Every structure is written in C-alpha cells, then in structure tokens.
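Me: I would like to learn how to read the features of a structure such as this one, taking them one at a time. Please give me the general idea in each case and then show me where it applies.

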Amino acid sequence: LTEVNDCNGIVSLAERIQAAAGETVTYRDMKLNVKISIGISWYPEDANSPDNLMHCADKAMYQAKQMGGGGYSFFTCCTPPCT
C-alpha cells in the first residue's frame with residue numbers, strides 16, 4: 001500500500017477492513033459472521049525483500065489469531081512496533 005505511510009494510516013485501514021468484514025452476511029437463509037486477522041509488516045523496515053515481507057506479515061497474522069482472532073498485529077524485525 002503506497003498511500004499508507006505511517007502507523008495511524010495502517011491502523012485506520014485495518015480497522016475499516018475489519019468493520020466491513022465484520023458485517024453479518026445472509027447466504028441461503030443463514031447468517032454468517034466473518035472475523036479476519038490482519039498481519040502488518042513494513043518494507044524496508046521489517047524485511048529486505050518481498051518474500052521476507054510476506055513472511056513477517058504471515059507471522060504477524062498468526063500472532064493476531066493467537067490473540068483471539070478478528071484483530072491485527074504488527075510484526076517487526078528491527079524496530080519497536082507501532083503504538
């Protein structure tokens with residue numbers, strides 16, 4: 001995401017995505033509730049290649065899932081996480 005360049009921007013985007021995904025969907029008379037976990041990693045601060053960036057984001061996603069799901073988590077290799 002080239003238009004997001006700080007922690008506040010990415011947190012706002014993650015929260016908007018979760019709010020949209022969190023709406024109840026009706027499918028064939030069934031009500032479905034979706035929870036998504038988002039892993040966030042920055043380039044080049046957290047990784048030096050696209051593969052490493054995806055690896056860090058993947059670890060962050062699993063970290064978010066371990067916190068109960070439906071949230072987001074930052075993964076950082078070199079710098080303190082955003083607060």
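Reply: Let us start with a proline: P44 lies in the loop between β3 and α2, the latter spanning residues 50-66. Helices (DSSP runs of H or I, at least four residues) and strands (runs of E, at least two) are numbered from the N terminus. This is a predicted model, in which local features need pLDDT of at least 70 and side-chain atom pairs count only at pLDDT 80 or more, whereas totals for chains, interfaces and linings use all residues. Residues are numbered from 1 along each chain as its sequence is written, and side-chain values use heavy atoms, with hydrogens and water left out.

Me: What is the peptide bond from Y43 to P44, cis or trans?

Reply: That bond is cis, with omega near 5 degrees.

Me: How many helices and strands does the protein chain have, and in what order do the elements run?

Reply: The protein chain has 2 helices and 4 strands, and from the N terminus on the order is α-β-β-β-α-β. Taken along the principal axes, the C-alpha atoms fill a box of roughly 50 × 25 × 25 Å. A contact is a pair with heavy atoms within 4.5 Å, and of the contacts in this chain with a separation of 6 or more, 50% are between residues 24 or more positions apart.

Me: What share of the 83 residues is buried, and which of them form the largest nonpolar core?

Reply: Residues are called buried under 20% relative accessible area, exposed over 50%, and partly exposed in between (1.4 Å probe, protein chains only); by that rule, 27% of the 83 residues are buried. In soluble globular proteins, nonpolar side chains tend to be buried together. A nonpolar core is a set of buried Ala, Val, Leu, Ile, Met, Phe, Trp, Tyr and Cys residues joined through side-chain atoms within 4.5 Å. Here the largest one has 9 residues, namely V4, I10, V11, L13, A14, I38, I40, W42 and F74. Both α1 (7-21) and β3 (38-40) supply at least two residues of this core, and the largest share, 4 residues, comes from α1. If you follow V4, and set aside residues up to four places away in sequence, you find that V4 touches G9, I10, L13 and W42.

Me: Where is S73 placed, and is S73 buried or exposed?

Reply: S73 sits in strand β4, residues 72-74, and counts as buried because its relative accessibility is 6%. Its side chain makes a polar contact with the side chain of Q63 at 2.7 Å; such a contact is a pair of N or O atoms within 3.5 Å, where within protein one must be able to donate a hydrogen and the other to accept it, and residues adjacent in sequence count only if both atoms are side-chain atoms. Beyond its neighbours within four places in sequence, S73 is in contact with I38, G39, I40, A60, Q63, A64 and M67. The C-alpha atoms of S73 and I38 are separated by 6.5 Å, although these residues are 35 apart along the chain.

Me: Which residues have a positive phi without being glycine?

Reply: Among them are R28, at about 50 degrees, and D29, at about 65 degrees. R28 is exposed because its relative accessible area is 67%, and D29 counts as exposed because its relative accessibility is 80%.

Me: How is V25 placed, and how accessible is V25?

Reply: V25 is found in strand β1, and V25 counts as partly exposed because its relative accessibility is 43%.

Me: Where is P50, and how far is P50 from F75?

Reply: P50 belongs to helix α2 and is exposed because its relative accessible area is 61%. Between P50 and F75, which are 25 residues apart in sequence, the C-alpha to C-alpha distance is 15 Å.
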